[in-house]
Amino acid sequence: MTSRDNCPACGRTDRRLLTDLSYGAPPLTDYLGAFYRAYPQCDFHPLESARYRLFDCARCGCIYQDPVPDGAYLARFYGHGLYGAHAVADRAPIDPYQMQQIIRELMMVVRFLQSRVPHPQVLDFGAGEGGWAQLAAASGLDTHATDLSDHAFDRLTARGVTCHRPDLLPSDSFDFINTEQVFEHLPDPSRQLAALRRSLRTGGVIKIGVPYDPRLRVKLRQPDWLAPKNSPASLNGVAPIEHLNHFEPASLQAMAAQCGLEPLTVLGWNLATPAQLPVARALRPRFVRWLRGRLGDAYKPHHPLTQTVFFHAAIPAQA
C-alpha cells in the first residue's frame, strides 16, 4: 500500500476521516466477494492486513482513499484480474445511446478546434476495451490510445489506432485528450494531469469524466456495502481498490488550474471559452438553454452519476 498524506486534487493536508475499515474483515470481505464474483482471478490476499480509509479534503471537498494499493498491485489487478483475456470475452459492446453521445461529443470538440486545426490528433487515455478509440478512428480522426493494460492494443492497432505505453506518451502532440472514467482510478491524478498537459498542444482540449455522487457523504453515515452498483444506496463512488478519488467540481477546477488549464463551458452541443460566452443575461438566452435541455439538445455525460468537464490549454494573447 502507498500513503497519500495530501489531497490528490488540491494538495492540502487538512482533512477529516470519514471511514476506517479492514480489507481483511467484514464488511469489505463481503463486498469484495460479491462485487468481484464474476472475476475469481482477482487476488485480494495481499490486502488482508491493509486498511481502507476515506478522508474528506477541507479545501476542495475531494473524498479520497489513504492508503491506496501500490502500482504493482494495481497493474496485476487490472491487467490480469479485470482485463485478462479470459475476463473480457463476455464484455458487452457500447450501447447505441452511448455510441451516439460519443460521436456527438467528438463533433463538438472538432468544431471547437477546426478553425485552427483542420485534422485534430486525439488520444484516448485509459482506453480499456477501446470502444471510444475505435469510434474516433472510424470517424476519420488521427487516433491514439493508451492504457495500463495492453490487452486491447492488438485489436486497436488493426483498426488504425496508434497505441502507446502510458509512460511513453509524446509531448506536444494531441489536440484532444479523452479521459472517461479514468481519473478516479489514479493514485496521483494531479501528477498524471500535468503529464497529459505536456502531451497537449497549445489550444488543445482535455476532457475529464469521473463518477460524482452528490449524496455520497449522506450514504457514508450509514453505509450499505452490499448495495448493488447503480442502486440508490450504492457506494460505487468510493469503490475500494478501483475508485481511489471522488472529485467535487472544485477538486477538478483546482487540479486543472495547477496545470495551467482553463475551463471551457458547454452551451447546447458547443464548447466556448469564457471570452465567447454571451454577456447578456436576458430571459431569451436563458429560455433557449432551458428549452434545449428539455428537448435533449444539450450535452450530457455518458454515464449516470458522473460529471464531465472540459479544459483547454489557452493560446497566449497576442501582444
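A: The structure holds twelve aromatic pairs, where rings of Phe, Tyr and Trp (its six-membered ring) pair if their centres lie within 6.5 Å, planes under 30 degrees apart counting as stacked, over 60 as edge-to-face and the rest as tilted. One of them joins Y36 and F77 edge-to-face, with 5.6 Å from centre to centre and 85° between the planes. Because Y36 belongs to the loop between α1 (28-35) and β2 (51-57) while F77 belongs to helix α2 (residues 71-82), this pair ties together parts that are 41 residues apart in sequence; helices (H or I, at least four residues) and strands (E, at least two) are DSSP runs, numbered from the N terminus. Y36 and F77 are both buried, a term that means under 20% relative accessible area, with exposed over 50% and partly exposed in between (1.4 Å probe, protein chains only).

The rings of Y52 and W225 are also edge-to-face, because their centres lie 5.6 Å apart and their planes stand at 85°. Y52 is in strand β2 and W225 in the loop between α7 (216-221) and β9 (245-246), so that this pair ties together parts 173 residues apart in sequence. Y52 is buried at a relative accessible area of 0%, and W225, at 7% relative accessibility, counts as buried too. Y36, F77, Y52 and W225 are among the members of one aromatic cluster, which also includes Y23, Y31, F35, F44, Y73 and Y78.

This is a predicted model, in which local features need pLDDT of at least 70 and side-chain atom pairs count only at pLDDT 80 or more, whereas totals for chains, interfaces and linings use all residues. Residues are numbered from 1 along each chain as its sequence is written, and side-chain values use heavy atoms, with hydrogens and water left out.

Strand β2 also takes part in an open sheet of four strands, ordered β1-β2-β3-β9 with antiparallel pairing; two strands pair if DSSP finds at least two bridges between them. Since β1 (15-22) and β9 stand at the edges with a single partner strand each, one side of each is left without a neighbour in the sheet. Between β2 and strand β3 (residues 63-65), the antiparallel pairing runs over three bridges, and F55 stands opposite Y64 in β3.
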